[in-house]
Amino acid sequence: MMKDYRRYHCDENKLIDYGFKKQGHNYIYKKDILDGDFRIEVIINDILEAKVYDSDTDEEYTNIHLVGKQGKFVQKVRTAYEDCIEDILNHCFVYDYFVFPQSKRLMHLIEEKYHVLPDHPFTNGDSFIFRNNDKWFGLIMYTDYSKFCDKQGEIECLNIKVPIDTVNHPSIYPAFHMNKKHWISILLDETLSDEDIMSLVDQSYQTTVICEDWVIPASPKRFNLIKAFNQSDYIQWHQKGNIHQGANVYIYYGAPYSAIMYKCQVVESNETSMLLKRLKTYDPTLYPLEVLKTYQLRAIRGARHIPKELKEYIGNTDK
């Protein structure tokens, strides 16, 4: 079956190498097929258009586009036509997941922020899923306006996990094919800005984040953490683990304190750094190393998950 060429964009250099001729804003390609009995003509501007002509009459052979025409001869011409288009797509075009410009931009923004690319588990190829920790936080579907309103025409929509009663915009509807209380559909027709949509995407993404508690070490000899937190509740910290945005981080401050002294939350996170917001400051006599050792935390040389027993202990005393 021939690919959906709406999901491809052309590489102009590859078109020229393939044999296309540029005429104005168009790229035109002609090729004889079936031993010269027919000719295919392909025109590419913003879209790909192709027609097949009978070489004897020079008339367009439209039977290949008619579903009711299934004879052996028609199918032979149709196959030659589809093979030609398929070859052009494979050699001259780059695959796009989506059809509409806003969908394409959002895909790149999501990839840039969350390092996630869509996958399409459904056989129709018109629905693409964004996942984190194997949980969905977004779904872009190719559908029709009529699913949402009186307007007609093709559109792509984004489903994200945001309660419908927390948003109000003409392009936002109760989710199509999803739980309408907890999910919404956003029509990707440029009526809601990319920035506003990404803000809602982030809300959905956060529902998939596993916010585990971590312990990280800090050395007074290398960094004056007390002075830094006296100046601001926010500090930028190097990232050596896989600590996600939203996670709680306890900072163990080394000698002469040798104790957990701060509880923070990760406000922003990437592969190399994270922004921490201080939530609490502890007296070093509250969680010293001697106490930590009794809760299976004997050495803090790098980022590590906090032991369950210690987490429960801090939770019981940190009230």
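Reader: What do strand 15 and strand 16 form, and how many residues lie between them?

Author: Strand 15 and strand 16 form a hairpin, with three residues between them. This is a predicted model, where local features need pLDDT of at least 70, side-chain atom pairs count only at pLDDT 80 or more, and totals for chains, interfaces and linings use all residues. Residues are numbered from 1 along each chain as its sequence is written, and side-chain values use heavy atoms, with hydrogens and water left out.

Reader: What makes strand 15 and strand 16 a pair?

Author: Two strands pair if DSSP finds at least two bridges between them. Strand 15 and strand 16 (residues 273-281) have seven bridges and are antiparallel, so they meet that definition. Tyr262 stands opposite Thr281 in strand 16.

Reader: How many bridges join strand 14 to strand 15?

Author: Six bridges join strand 14 (residues 248-253) to strand 15 (residues 259-269), and the two run antiparallel. Tyr250 has Lys263 in strand 15 as its bridge partner. This hairpin has five residues between its strands, and Ser258 in the turn has a positive phi of about 50°.

Reader: Why is helix 3 called oblique to helix 4?

Author: Helix 3 (residues 101-114) and helix 4 (residues 194-206) pack at an angle of about 50°. Angles under 35 degrees count as roughly parallel, over 145 as roughly antiparallel, 65 to 115 as roughly perpendicular and the rest as oblique. Therefore helix 3 is oblique to helix 4.

Reader: Is the crossing of helix 3 and helix 4 left-handed or right-handed?

Author: The crossing of helix 3 and helix 4 is right-handed, the near helix being turned clockwise from the far one by less than a right angle.

Note on methods
Axes are lines fitted to C-alpha atoms, for helices over the stretch in contact, and angles run from 0 to 180 degrees between N-to-C directions. Helices (H or I, at least four residues) and strands (E, at least two) are DSSP runs, numbered from the N terminus.
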